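I opened the model to look up its pockets and its ligand. My notes follow in the order I took them.

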Amino acid sequence: MELVHLEEGATAKVRSAVVTLWEGCGLTRPWNPPERDLAQAIAGPTSTVVVALEDERMVGSVLAGYDGHRGWLYYLAVDPTRRGAGLARTLVTTAETWLARAGARKVQLMVREGNPAASLYPHLGYERQDTAVYGRWLEG
Ligand SMILES: CC(C)(COP(=O)(O)OP(=O)(O)OC[C@H]1O[C@@H](n2cnc3c(N)ncnc32)[C@H](O)[C@@H]1OP(=O)(O)O)[C@@H](O)C(=O)NCCC(=O)NCCS
């Protein structure tokens with residue numbers, strides 16, 4: 001298994017494999033076009049997308065971003081056939097290392113209501129925060 005930080009030169013085939021993984025893991029929503037999320041994350045200097053490749057097959061991913069104050073994780077995904085083997089832990093640790101180097105002293109993430117994967121995070125040292133998240137779209 002190989003861990004790779006995707007770069008702007010990532011091919012259409014690689015990008016498509018990441019999106020297929022996200023779709024297969026139930027992480028995409030109509031209001032977040034995954035191709036655009038991916039392109040923006042790998043283009044900017046304050047974010048990265050780490051993927052796990054096995055025999056050139058896309059089996060895992062995590063998107064990390066540093067906002068100048070906190071580090072954030074998104075799109076943690078592991079292929080259903082590769083779950084339960086510590087891959088999510090490896091991806092999160094790799095993203096945390098990148099975020100710490102970028103300057104983040106704390107890393108946070110949001111879990112959609114009802115996602116059973118929430119139970120994973122205490123295993124990785126994450127504590128539920130007593131904070132409500134508010135959002136507003138800046139585009140039409
Ligand atoms: C959640 C997900 C990424 C976990 O991937 P994984 O590779 O199976 O996780 P790991 O094997 O690295 O597990 C790490 C630890 O979390 C635990 N864990 C993993 N999934 C869990 C779950 N759904 N519920 C409770 N604990 C879980 C493991 O037992 C392990 O604990 P341990 O190291 O103390 O033994 C994977 O199930 C997935 O892609 N789900 C769909 C997408 C999703 O919901 N992503 C999260 C969005 S917030």
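I started with strand 4, which gives six residues to the lining of the largest pocket, the most of any element. I keep in mind that the model is predicted.

Next I listed the other contributors. Helix 2 (34–43) and helix 3 (87–102) join strand 4 (71–78) as the elements that give two or more residues to the lining of the largest pocket. I read a volume of about 1,700 Å³ for this pocket. I counted 45 lining residues, with Leu73, Tyr74, Tyr75, Met110 and Arg112 nearest the centre. By class I got 27 nonpolar, nine polar and nine charged.

Then the ligand. Which pocket does it take? I found it in the largest pocket. Its shell holds 19 residues, and Leu76, Gly84, Gly86, Arg89 and His123 come nearest. Strand 4 and helix 3 each supply at least two residues of that shell. I sorted the shell into twelve nonpolar, five polar and two charged residues.

I checked polar atoms against ligand oxygen atoms. A backbone atom of Gly84 sits at 2.7 Å. A backbone atom of Ala85 sits at 3.3 Å. For Arg83, I noted a side-chain atom at 3.3 Å. The ligand alone exposes 910 Å², and the protein buries 73% of that.

Last, the second largest pocket. I read about 820 Å³ of space there. Its lining has 22 residues, and Leu109, Met110, Val111, Arg128 and Gln129 lie nearest its centre. Strand 5 (residues 107–109) gives the most to this lining, with three residues.

Methods: Residues numbered from 1 in each chain as written. Predicted model: local features only at pLDDT ≥ 70, side-chain atom pairs only at ≥ 80, totals over all residues. Heavy atoms only, no water. 1 Å grid on protein atoms, 1.4 Å probe; cavity = no way out; pocket = protein on both sides within 12 Å on 5 of 7 lines; lining within 4 Å. Points joined across faces, edges and corners; volume = space filled by probe spheres on them. Helix = DSSP H or I, 4+ residues; strand = E, 2+ residues; numbered from the N terminus. Nonpolar A, V, L, I, M, F, W, Y, C, P; charged D, E, K, R; others polar. Near = heavy atom within 4 Å. Polar contact = N/O pair within 3.5 Å; in protein donor to acceptor, adjacent residues only side chain to side chain. Areas by Shrake-Rupley, 256 points an atom, 1.4 Å probe, with all protein chains shown as cover. Sits in = over half its atoms within 2 Å of the grid points.
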